[in-house]
Amino acid sequence: MEYKLTFKDYANALTKGKLLGLKCKGCGNITTPPKMTCQECGGTDLDIVELSKRGKIVTFTVVNVAPEGRQNEAPYIIALVKLDEGPWIMGNLIDIDPARASMDLIDKEVTIGFRVFPGDQFSPGDQARPVFSFA
Amino acid sequence: MRKVAVVGTGHTPFTFATEKTSIELFSEAAMDAMNEANLKPKDIQALYLGNCLGDFSEGQAMLQSYAANDIGAFHIPATRFEGACASSALAIRDAFIWVASGYYDVVLAGGVERAASMGTPLATRTFSMFTDSHYEYPAGLTFPAIFAMLAHLYAKRYGIALEKLKEQMALVSVQSHYYGMSNPKAQFRKEITVEDVLNGFMVSSPLQLLDCCPFSDGAAAVVLVSEEKAKQITDKPVYITGIGQASSGKLSAQKDYLPRIRAREESAREAYDMAGIGPSDIDVCELHDCFSIASLIAAESLGLFEYGKAGAAWEKGETKIGGRIPINVSGGLKAKGHPIGATGASQVTEIYHQLRGECGERQVEGAKSGLTDTLGGDGVLCTLIMQRGW
Ligand SMILES: [Zn+2]
């Protein structure tokens, strides 16, 4: 069975300002990041849909110890965002000085953009990733 | 299905960077396990070896085959298990299944890692491989960052002020260091205070240095045999009476269930059901405290405390020897150390000696049933229940 929405297509769309997901014809739920099957019911009858790029921060952390090759990025904020359509996605919150991050960030509304992680010796080249800005 | 017993264990010291190779470390633990069981390498029918990062730490893949040869168990089938920090727990679970099925009578299972030898930057990068490489790692996700996000989520979900939660988390590390003092194999044998934890370097907010387990080198191994064989070897066999294993999707795919990890609840239920006992029957528990907050999350999902209440249990001393359910009296991953591929086997080794009454100062008197909980990455879970066979 052919993969409906690959990482490459998802990431390419992100760099063009589109956040894609999969809408399940069985249960109606949205899955993103994309997978072979619906995250809710396991169904395979899925349509590619464009999402609103809006959501709320559910949790976050300020990373001070970065992986090898990325030390110059620290400190940076990673957040999990619950999209208006339901799924959660992970990305970086870029709108605030990491020193000012606190529990108050939780529930803040954000919009979604992108940046490209250029990859490292273990990664397969450029990887577009979501970033979050306050709505 | 046949009954399966643990009849021997081996455990190297868990340490900062060592000069021994992974195969040398594993062979030391393996020979000790065979000696404890009064078995010879020729008695071993298969080797199941947990190892995650040999490829990166010393350019060594396929070490299971060389390890079997190294210990003189020539030409036996040897298989590597990779389930991040749960690798050797998975190896032991599979060894159980193969002995229980009747296919083998004697299997050696265990694990080894040289995470400390890698140094913090490379270890941090390779531990990040236990996350989704395409959809989550590009954000700079690290292992502490996962549990840091779960800590903030935990505080929010259960309505606990972050400052209060951090004190409770600090007490988890303080207790582990206290018990690490009486474990000669532990990496840290030094008491710490709540203030030490709260004054530590911020690794990934809100986790400070002493909320995090260390990078460690070390190995552990156990011998599993059939009931018939066990009776020939010892009058104090420790039977594995319940096993569970479960998997998860990437962290974001676990969404609203977080900070609970559903796979742990599935795995634990499977193990309890198989053993025919419940959380209140467990006398001693070794759980996966890779971070202080991880202990609270694990203890709740194992059914030992109510959701949102585990921190209070540590505060009240319910997790100490003499308390309701002694947890991580080995020192846990925090003080004993966490050579990831070896951790599951190390936990089983502790429970084995606890049930046999061989733990000296840190002995939980009269322990008859014990449980290990091992977590790999953000969602490989393995639960093993062991009970006295006499
Ligand atoms: Zn569906």
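This is a predicted model: local features need pLDDT of at least 70, side-chain atom pairs count only at pLDDT 80 or more; totals for chains, interfaces and linings use all residues.
Local features require pLDDT of at least 70 and side-chain atom pairs pLDDT 80 or more, whereas totals for chains, interfaces and linings use all residues; side-chain values use heavy atoms, with hydrogens and water left out. Residues are numbered from 1 along each chain as its sequence is written, and chains are lettered from A in the order in which they are written.

The size of an interface is often given as the accessible area lost when the parts come together. Chain B and chain A bury about 3,400 Å² between them, 64% of it on carbon and sulfur atoms (buried area being the accessible area, with a 1.4 Å probe, that two parts lose on being put together, summed over both). In chain B, the residues that lose the most area to chain A are Tyr135(B), Met149(B) and Lys255(B), together 20% of what that side buries. The contact (heavy atoms within 4.5 Å) takes 43 residues from chain A and 38 residues from chain B.

Four salt bridges are counted between chain B and chain A, a salt bridge being a side-chain nitrogen of Lys or Arg within 4 Å of a carboxyl oxygen of Asp or Glu. The side chains of Lys156(B) and Asp107(A) meet in a salt bridge at 3.4 Å, N to O. On the side of chain B that touches chain A, at least two residues each are supplied by helix 5 (120-127), helix 6 (143-158), strand 5 (202-204) and helix 10 (251-254) of chain B; helices (H or I, at least four residues) and strands (E, at least two) are DSSP runs, numbered from the N terminus. Helix 6 of chain B provides the largest share of that side, seven residues.

Tyr103(B) lies in the loop between helix 4 (87-101) and strand 4 (106-114) of chain B. Tyr103(B) is exposed because its relative accessible area is 56% (buried means under 20%, exposed over 50%, partly exposed in between; 1.4 Å probe, protein chains only).

Gln208(B), in strand 6 (residues 207-208) of chain B, has 5% relative accessibility and therefore counts as buried. The side chain of Gln208(B) reaches the backbone oxygen of Leu198(B) at 2.9 Å. Not counting residues up to four places away in sequence, Gln208(B) touches several residues, including Lys166(B), Phe201(B) and Val203(B).

In chain A, Glu50(A) is found in strand 3 (residues 46-50) and counts as exposed, at 51% relative accessibility. Beyond residues up to four places away in sequence, Glu50(A) touches Lys18(A), Leu19(A) and Leu20(A).

How values were computed:
A polar contact is a pair of N or O atoms within 3.5 Å; within protein, one must be able to donate a hydrogen and the other to accept it, and residues adjacent in sequence count only if both atoms are side-chain atoms.
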